[in-house]
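Subject: Handing over the two-chain model

Hi,

Here is the structure I promised to pass on to you. Please have a look at it first, and then read on for what turned up.

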Amino acid sequence: MANVAVEGRGLRVPGLGSRRWRQAAAVVLGWLAFFGVWAFASQVLFDPNRLPGPLDVADAMGTIIGSGDVLTHFSSSLGKISLGFGLAVLIGVPIGFLMGRTRYWKAFFHDPVIVAGSIPGITYAVLALVIFGIGLEGPILATALISMPYIALNVSAGLEGIDASLMTMSRAFRRPRKDVIRHVLVPSIAPFVFAGVRLSFALAWKVEALTEVFGSSKGIGFMIRRSYQLFSVVDVLAWTGLFVIFMLLLERLVVRAERHLFRWRPQETSA
Amino acid sequence: MSTRAATTLDRAAPARRGVPLPRRVLDALLSDVGARITSYVVFLLGWQILSALYDRVPGPIEVVEMLVDEFQRGVVWDNFSVTADRFFTGLVFALVAGLVLGLLIGMWPLARALLKDTMTVGLAIPAIIWALLTALWFGFNWKAPVLTVALTATPFVAVNVTQGVQAVPRDLLRMSKAFGVPVGRRVRLLVLPFVMDYVFTGLRFGIILGWNGVLLSEWFASTEGVGWQARYWYDANNFTGFVAWVVLFVGFIVIFDRLILVPIQNRVFRWRTTIARR
């Protein structure tokens with residue numbers, strides 16, 4: 001936020017109102033440019049059949065929303081993601097805890113976690129399909145496996161970053177274990193956990209959709225796959241648009257929760 | 001080095017708990033190398049158990065045999081050279097485009113206004129969408145995979161470069177402006193050194209996601225390459241062949257990451273101890 005104010009040139013009075021207005025204008029301008037380039041590419045560079053313009057796509061999105069398909073498929077995807085992500089937290093936090101506290105477990109889990117973090121999503125998607133068929137377990141497990149390493153790595157990084165003198169002091173003053181956990185451990189790991197959650201949640205969304213493209217009977221990825229098989233670029237773009245909007249809204253929600261939780265902090269530590 | 005660790009280790013240790021273990025063996029098992037070896041053994045055991053539970057999952061030995069076969073047939077190098085060609089072409093494009101966009105967004109307020117939200121949208125679009133769209137647009141040829149890699153990786157490089165530019169100390173920037181340092185020198189001597197570490201972070205993400213993108217694109221729209229070969233075995237219902245190729249393309253990215261990227265990044269990042277370092 002501060003950067004915007006610094007970069008303005010000239011003798012402008014940096015009043016709050018003018019800054020807000022400028023920012024809003026910039027955002028509108030950005031979106032106009034985005035849609036303008038898109039429309040230009042659609043009408044002039046390609047033809048509207050190969051790349052439908054923004055209005056056609058908006059129309060298709062309207063139809064999808066009107067038919068109520070959005071709700072059924074998004075709730076289906078969201079359910080699978082939540083379960084998979086919950087699973088990832090349940091597995092990832094203890095692993096990260098062990099990695100952060102014990103040298104043996106750090107060495108033990110280091111390679112698997114690093115490798116799991118760089119495995120391409122297509123691997124999980126197809127393996128899930130091979131093992132589980134088109135059921136619910138595939139997407140859930142793929143989501144869990146892709147997000148787990150990032151959560152584990154961030155928890156362990158958070159634990160390693162704990163101020164050692166705080167721990168020594170708590171011990172010297174004989175604070176009960178419960179207090180140490182509540183007032184020292186949790187506040188120091190929380191920002192790292194959030195950074196991990198934000199990163200892996202974006203990945204989880206994508207892999208979940210991918211798994212549905214490969215094998216599912218419901219959900220947003222399944223609809224994208226169906227549009228692709230019908231050679232309908234408009235519908236692929238419309239579902240993508242809805243997917244992106246939904247993902248950005250959810251992300252904003254997470255960021256807002258993070259700000260709310262860490263409002264006592266002078267500066268954010270998350271990367 | 002806790003006692004907790006010792007109890008779980010018994011799985012891999014030849015001796016049982018009641019028998020007094022020679023001290024040296026215990027030390028070796030509890031060392032870092034011992035822990036790593038144990039983790040690989042546990043992984044292989046888990047794989048074996050999984051293949052026993054599900055008959056569609058091939059065991060490690062079958063997969064190794066299949067891999068030997070594939071290497072002997074000579075298809076591995078052919079397909080990898082095709083895919084690597086596409087992958088690196090797309091990656092170079094993404095690196096250049098991402099660097100230019102990132103620098104523009106970071107240094108020029110108007111460019112930020114115009115492009116920032118577009119980049120956010122770009123980050124949110126999964127590689128599969130690009131793979132499918134380029135397949136619909138270009139059909140089965142080299143353009144689809146190259147473009148998929150470029151479009152997937154560019155926003156990640158750009159966003160990281162932007163963050164790097166914003167990490168450049170404002171005072172130094174303003175001072176160099178005040179003393180009339182030309183833009184070229186300002187970029188080369190002040191902005192680029194700060195940006196380099198961010199470029200690597202973005203590049204690593206771009207590489208991991210771009211590799212996924214090229215495989216997806218080849219899976220859907222190609223008749224050669226690593227992704228196509230994996231699909232070939234998948235369509236033939238030969239899951240041993242499929243898993244063999246999974247091992248190959250996971251192996252490629254892990255080796256590439258560990259042997260090339262991490263050493264470079266660790267050199268750049270040696271002064272830092274944050275979560276950015278893995």
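Which domains does the domain assignment of chain A give? The assignment gives domain 1 (2-45) and domain 2 (56-261); such bounds come from an automatic or database domain assignment. The centres of these two domains of chain A, taken over C-alpha atoms, are separated by 32 Å. For chain B, the assignment gives domain 1 (3-57) and domain 2 (68-268), with C-alpha centres 38 Å apart.

A few ground rules before the rest. This is a predicted model, in which local features need pLDDT of at least 70 and side-chain atom pairs count only at pLDDT 80 or more, while totals for chains, interfaces and linings use all residues. Residues are numbered from 1 along each chain as its sequence is written, and chains are lettered from A and ligands numbered from 1 in the order in which they are written.

On confidence: pLDDT is the predictor's confidence in each residue, from 0 to 100. Chain A has a mean pLDDT of 80, and 90% of its residues reach 70 or more. Residues 1-14 of chain A are a stretch to treat separately: the pLDDT there is below 50, and beyond near neighbours in sequence the stretch has nine contacts in the model. Two residues are in contact if their C-beta atoms, placed from the backbone, lie within 7 Å.

Now the overall build. Helices (H or I, at least four residues) and strands (E, at least two) are DSSP runs, numbered from the N terminus. Chain A has eleven helices and zero strands, and chain B has twelve helices and zero strands. The C-alpha atoms of chain A fill a box of roughly 70 × 65 × 30 Å along the principal axes. Of the 271 residues in chain A, 39% are buried; in chain B, buried residues make up 39% of 278. Here a residue is buried if 20 or more other C-beta atoms lie within 10 Å of its own, exposed if 12 or fewer, and partly exposed in between, with C-beta atoms placed from the backbone. As for contacts in chain A between residues at least 6 apart in sequence, 73% join residues at least 24 apart. For chain B, 73% of the contacts between residues at least 6 apart also join residues at least 24 apart.

Next, the interface. How many residues of chain A are in contact with chain B? There are 50, and they meet 51 residues of chain B. The elements giving two or more residues to this side of chain A include helix H2 (16-45), helix H5 (103-118) and helix H9 (177-214). H5(A) provides the largest share, eleven residues. By class, this side of chain A has 37 nonpolar, eight polar and five charged residues. In that count Ala, Val, Leu, Ile, Met, Phe, Trp, Tyr, Cys and Pro are nonpolar, Asp, Glu, Lys and Arg are charged, and the others, Gly among them, are polar.

Some residues of chain B show what the contacts look like locally:

- B:Ala35 lies in helix H3 (residues 32-53) of chain B and counts as buried, because it has 22 C-beta neighbours inside 10 Å. Leaving out residues up to four places away in sequence, B:Ala35 touches A:Tyr104, A:Ala107 and A:Phe108.
- B:Trp211 sits in helix H10 (residues 183-220) of chain B and is buried, with 29 other C-beta atoms within 10 Å. With the residues up to four places away left out, B:Trp211 touches A:Pro120, B:Phe87 and B:Ile253.
- B:Ile128, on that basis of counting, touches A:Ala209, A:Leu210, A:Val213 and B:Leu216.

Lastly, two backbone angles for you to look at. A:Arg174, in the loop between helix H8 (164-172) and H9 of chain A, has a positive phi of about 50° although it is not a glycine. A:Arg174 is exposed, with 7 other C-beta atoms within 10 Å. A:Phe231, in the loop between H10 and H11 of chain A, has a positive phi near 55° and is likewise a residue other than glycine. With 10 C-beta neighbours inside 10 Å, A:Phe231 counts as exposed.
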